[in-house]
Amino acid sequence: MFRNQYDTDVTTWSPAGRLFQVEYAMEAVKQGSAAIGLRSKSHVVLACVNKSNSELSSHQKKIFKADDHIGVAIAGLTADGRVLSRYMRSECINYSYSYESPLPVGRLVVQLADKAQVCTQRSWKRPYGVGLLVAGLDESGAHLYYNCPSGNYFEYQAFAIGSRSQAAKTYLERKFESFSTSSRENLLKDALFAIRETLQGERLTSSICTVAVLGVGEAFQILDQKTVQALIDAFEIAGEEAPAAEGDAPDQSAAGSGPTTDQGPPAEPDVAPMET
Amino acid sequence: MVKEQANWSPYDNNGGTVVAIAGADYCVIASDTRMSTGYSILTRDYSKICKLADKSVMASSGFQADVRALQKVLAARHLTYQHQHNKQMSCPAMAQLLSNTLYYKRFFPYYAFNVLGGLDNEGKGCVYTYDAVGSYERVGYSSQGSGATLITPFLDNQLKSPSPLLLPAKDAVTPLSETEAIDLVKTCFASATERDIYTGDRLEVVILNANGLRREYMELRKD
């Protein structure tokens, strides 16, 4: 993609019928660090790569709980993601307040998509620069959606977004047919393998990834570092060894994430500054 | 010319009594389960006690529709707090939140007479007592509702510390053991039920301590 005379405003069409600002926003998602999601009939797993800029700083938080039955992983401009997850939380709380029942995840993604669309049709706004993998549970089972800056959304069995996500997608494409009936443990295993694919040879440890799980009878929770490391150790050992026990009840705290204090890499000319 | 009076009131009083007692490492919160309107009973089985957080339990008498609305608002605000702070609200924090929420509707108040019980940041029992518009105070024990006038003097006699000026300084929380406090509460309600027509049917007691939350029930006179 190169600069052209139709890409300054989101409200300017190109002669080929494209909105370049929206497409650039989708580029921003591709620059963010990887996030993947996969689901079975009863569980959804979200995992993401969490690299901090330096040893001195904390990781950015990329997985958020919206409600007991909905969680979201983001890639791209994490600040935009934080704002959208706050919106999701607020919508969940307001719906529960009015209807005394959980907000159906299908409705939430439509609301998110409509919110994103507004930013593609106002001259004084810009599209959100973040892709959202929304994991949710409703009466018909587990769901995984991908919400785009363009305002589109799609449901997936498994998906990966962010940098080097193609490697993860290739892995998921090979295995996705078995996910529907996968057990929770195998789903976690596949998620970790998919994340490992995006690391391109770098060693997978719990300090550079975050994993969250949601399922029937299990509220959305981000697994703590110890549990994740135990899973990695259990699965990386060659063979069909049974996964180690989950350890202590994994708590709510986001594994290793603190307030977003990192500075972000120095901005290259055409690339908006964001997390690695 | 006499000023025109309203022929309709947005409020109703559903009666009932609530009590809370703070101990050294526990808190007892109790209420009867009768809901009435006028001289009629609506139900004998309605809980006026609501768990707001791990260590905060609120009991409210008054207009139960307003009480329910208040409980929902506080529950929603607590969810937001948990999302932002990654932990449960402490009882003193909840106490302030309840006060602010009540004052927010200063000019169309929640007709709710609340008592908030729980464990403070040090694990000691705490009780906060409120009026309808949010004025509150931390105390060692409190009673609100239709039977409060019968129960409060009795609790004063049993639990009130002699004087804040005395040395050594006496804690507001009672030196009673948990079982003694529960027994005292049961006695209070048995007595109030005798003379207050709006109190009776069944007593619900919630006990909060380091081990968590537990509930006890006791039958009361149904007349």
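At what angle do the axes of helix H2 (residues 78–99) and helix H3 (residues 105–118) of chain A cross? In this predicted model, local features need pLDDT of at least 70 and side-chain atom pairs count only at pLDDT 80 or more, while totals for chains, interfaces and linings use all residues. Residues are numbered from 1 along each chain as its sequence is written, chains are lettered from A and ligands numbered from 1 in the order in which they are written, and side-chain values use heavy atoms, without hydrogens and water.

The axes of H2(A) and H3(A) cross at roughly 135° and come within 11 Å; helices are DSSP runs (H or I) of at least four residues, numbered from the N terminus. Axes are lines fitted to C-alpha atoms, for helices over the stretch in contact, and angles run from 0 to 180 degrees between N-to-C directions. H2(A) and H3(A) are therefore oblique to each other, a term for angles that are not under 35 degrees (roughly parallel), over 145 (roughly antiparallel) or 65 to 115 (roughly perpendicular). The contact (heavy atoms within 4.5 Å) includes A:Leu84 and A:Tyr87 of H2(A) and A:Arg107 and A:Leu108 of H3(A).

Two residues other than glycine have a positive phi: A:Gln200, near 50°, and B:Asn86, near 60°. Most residues other than glycine have a negative phi. A:Gln200 lies in the loop between helix H5 (184–198) and strand E9 (209–215) of chain A, strands being DSSP runs (E) of at least two residues. A:Gln200 is exposed, at 57% relative accessible area, whereas B:Asn86 is partly exposed at 37%. Exposed means over 50%, buried under 20% and partly exposed in between (1.4 Å probe, protein chains only).
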